Amino acid sequence: MRKAIVLGATGGVGYPLTEELVSRGVEVVAFGRSISKLERMAQAMSHTPLLKLQAGDAFQTEDVIRAAEGADVIFHSANVPYHEMADRLLPLGESVMEAAERLGSKVVVVDGIYPYGRRTVERASEEHPKNPHTRKGKVRLAYEQLIFSSRWRRARPLIVRLPDYYGPSAQASYLSMTMEAIAAGKPTAFIGNMKVPREYVYLPDAARMIVNIAGRDDAYGHNWHIPGPGLLSGHEIVRIAQEASGRRKPVIPLGRIGLSLIGRFHPVLREVVEMLYLTEEPFVLSGEKYRQTFGTMPWTPHGQAISETIRSLMQRNNS
């Protein structure tokens, strides 16, 4: 891979993906709506000549085509606001896939676990049945069907699936609000049950694995799972984060009743309620397919990764 484009480059997944690609000597076009955010990214990466900035709208096929010209791989990590998923996710996928079709490009699509619905096994492989019972799960399944549609004759897509995640760049995960507040020394909330161990992946680790997968020609046309290194409860996450920050402000769990009440005034949190089953019946991914193909998974231990995240957020707050 000599050249790639990252859609949503300043986002939670896009930022570490861009960093990882640049670190491997790949020329990267960082694509996003805000040129000011892109410029801040370039500054953080010491204005490396490998990084080119391109402002545009991923919903506009022509914008993507112009920016992706000459790229070997399109990394599609652009997303839509959580409460707009039902209306806007499929048009976004249509735009990106149409661009890839016209360019004859490989496409790496980053997605989550919503299409699976409830778990049926201890650790789910990529062959786990997709039986979504929620509105967002059904939208995400339709999104997969769009990505892998037989309509596309020249585009070569794959989908990487992540569990919930965290990291310095994370913006829309369940943990973002909690970690940002702990780093700032403020009281906060934790979405879901704090006693039940769940799966999380550290975004810089996920980026390394995504780029490894993208580099194999035979990876395309398939789903790939990127699990985390082990399960953690909310209480464990908060303990590690508070130790890293040196601050111990209250952290209150938010369940269905609390989220429903707050959701009257907060559209994103209102949309979280139907997905709370994942905090009560955790869906855990198998990484066996990745291990068989690439060997060991390059995980950072949760304790180290959470501490790194908190320190980075604190440094950002003080800058």
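Predicted model: local features only at pLDDT ≥ 70, side-chain atom pairs only at ≥ 80, totals over all residues.
Which residues in α6 meet which residues in α8?

1. **Helices α6 and α8.** On the α6 side, the residues are T178, M179 and I182, and they meet I237, V238, A241, Q242 and S245 in α8. Sorted by class, this contact has 5 nonpolar residues, 3 polar ones and no charged ones.

2. **How those two helices cross.** Helix α6 covers residues 176-184 and helix α8 covers residues 234-245; their axes come within 9 Å and cross at roughly 30°. Angles under 35 degrees count as roughly parallel, so α6 is roughly parallel to α8. The crossing of this pair is right-handed.

3. **Helices α4 and α5.** Here is a second pair to look at. Helix α5 spans residues 135-147 and packs with α4 at an angle of about 10°, the axes being 10 Å apart. The two are therefore roughly parallel to each other. From α4, the contact takes in M85, A86, L89, L90, G93, E94 and M97. From α5 come R135, K136, V139, R140, A142, Y143, L146 and I147. By class, the residues of the contact of α4 with α5 divide into 10 nonpolar, 1 polar and 4 charged.

4. **The largest nonpolar core.** In soluble globular proteins, nonpolar side chains tend to be buried together. In this model, the largest nonpolar core has 48 residues, and the members that touch the most others are I5, L7, I74, Y114, L259 and V272. Helix α4 (residues 85-103) gives the most to this core, with 7 residues. A second, separate core holds 40 residues, including V108, L158, A170 and M297.

5. **I74 up close.** Leaving out residues up to four places away in sequence, I74 touches I5, L7, A68, V96, A100, L103, S105, K106, V107 and V108.

6. **A glycine in a loop.** G192 sits in the loop between β8 (188-191) and β9 (198-202). Is G192 buried or exposed? Its relative accessible area is 6%, and the cut-off for buried is under 20%, so G192 is buried.

7. **What surrounds G192.** Beyond its neighbours within four places in sequence, G192 is in contact with P253, L254, L276 and T279. The C-alpha atoms of G192 and G234 are separated by 8.4 Å, although these residues are 42 apart along the chain.

Terms used:
Residues numbered from 1 in each chain as written. Heavy atoms only, no water. Helix = DSSP H or I, 4+ residues; strand = E, 2+ residues; numbered from the N terminus. Buried < 20%, exposed > 50% of the residue type's maximum accessible area, 1.4 Å probe, protein only. Contact = heavy atoms within 4.5 Å. Core = buried A, V, L, I, M, F, W, Y, C linked by side-chain atoms within 4.5 Å. Axes fitted to C-alpha atoms, helices over the stretch in contact; angles between N-to-C directions. Parallel < 35°, antiparallel > 145°, perpendicular 65-115°, else oblique. Left-handed = near helix turned anticlockwise from the far one by under 90°. Nonpolar A, V, L, I, M, F, W, Y, C, P; charged D, E, K, R; others polar.
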